[in-house]
Amino acid sequence: MLESPDVPALSDFLRACFSDVPSTRFASPEMLAWKYMSPSGPATSYVVVRGERIVAHAGVLRTDLKHANGGVLRCASVIDWAADATVP
């Protein structure tokens, strides 16, 4: 899982992966810290590291779906997925 000191490296990684996107605001350290590090943030970040370098990232958004009968279904969706194309 992502830790606070890793937020700038994740920001750099995502900006490199999406270098052709006009705005990389979604990858700003502030946005990533809110999304993945704050207690009220909606998701958890998982990274794959080779050596000292992030080579893949997936944000996982968790939610509970509540049924009218009172049952709860716990769900998760992968969001913000990216990987270094040069790494198998």
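Mentor: Start with pairing: two strands pair if DSSP finds at least two bridges between them. Helices (H or I, at least four residues) and strands (E, at least two) are DSSP runs, numbered from the N terminus. This is a predicted model, where local features need pLDDT of at least 70, side-chain atom pairs count only at pLDDT 80 or more, and totals for chains, interfaces and linings use all residues. Residues are numbered from 1 along each chain as its sequence is written, and side-chain values use heavy atoms, with hydrogens and water left out.

Trainee: Which helices and strands does the chain have?

Mentor: The count is two helices and three strands. Along the sequence the pattern reads α-α-β-β-β.

Trainee: How do you know that S2 and S3 pair?

Mentor: Count the bridges. Ten join S2 to S3, and the definition asks for at least two, so the two strands pair. They run antiparallel. One example is Val60, whose bridge partner in S3 is Val78.

Trainee: What makes S1 and S2 partners?

Mentor: The test is the one just used. Eight bridges join S1 to S2 (residues 53-66), again antiparallel; at least two are needed, so S1 and S2 pair. Val49 stands opposite Ile54 in S2. Val47 stands opposite His57 in S2.

Trainee: In what order do the strands of the open sheet lie?

Mentor: The order is S1-S2-S3, with antiparallel pairing.

Trainee: Why do S1 and S3 stand at the edges?

Mentor: S1 (43-50) and S3 (72-83) each have a single partner strand, so one side of each has no neighbour in the sheet. From one strand to the next, the twist averages 25 degrees.

Trainee: How do you know that H1 packs on the sheet?

Mentor: Look for contact, which means heavy atoms within 4.5 Å. H1 (residues 7-17) touches S1, S2 and S3. Its direction makes about 100 degrees with that of S2. Axes are lines fitted to C-alpha atoms, for helices over the stretch in contact, and angles run from 0 to 180 degrees between N-to-C directions.

Trainee: How does H2 lie?

Mentor: H2 (residues 29-37) lies across S1, S2 and S3. It runs at about 110 degrees to S1.

Trainee: Which residues take a positive phi in the hairpins?

Mentor: In the hairpin of S1 and S2, with two residues between the strands, Gly51 has a positive phi near 65 degrees. In the hairpin of S2 and S3, with five residues between the strands, Gly70 has a positive phi near 100 degrees.

Trainee: Why is Ala27 called buried?

Mentor: Buried means under 20% relative accessible area, exposed over 50%, and partly exposed in between (1.4 Å probe, protein chains only). Ala27 has 0%, so it is buried. Ala27 sits in the loop between H1 and H2. Beyond residues up to four places away in sequence, Ala27 touches Ser11, Leu14, Arg15 and Leu32. Ala27 and Arg15 are twelve residues apart along the chain, and their C-alpha atoms are separated by 6.3 Å.

Trainee: What makes Ser28 count as buried?

Mentor: Its relative accessibility is 12%, which is under 20%, so Ser28 is buried. Ser28 also belongs to the loop between H1 and H2. Leaving out residues up to four places away in sequence, Ser28 touches Ser11 and Arg15.

Trainee: And why is Ile79 called partly exposed?

Mentor: Ile79 has 27% relative accessibility. That value lies between 20% and 50%, so the label is partly exposed. Ile79 is in S3. Not counting residues up to four places away in sequence, Ile79 touches Ala43, Ala58, Gly59, Val60 and Leu61.

Trainee: What share of the chain is buried?

Mentor: Buried residues make up 28% of the 88 residues. As for extent, the C-alpha trace spans about 50 × 30 × 25 Å along its principal axes.
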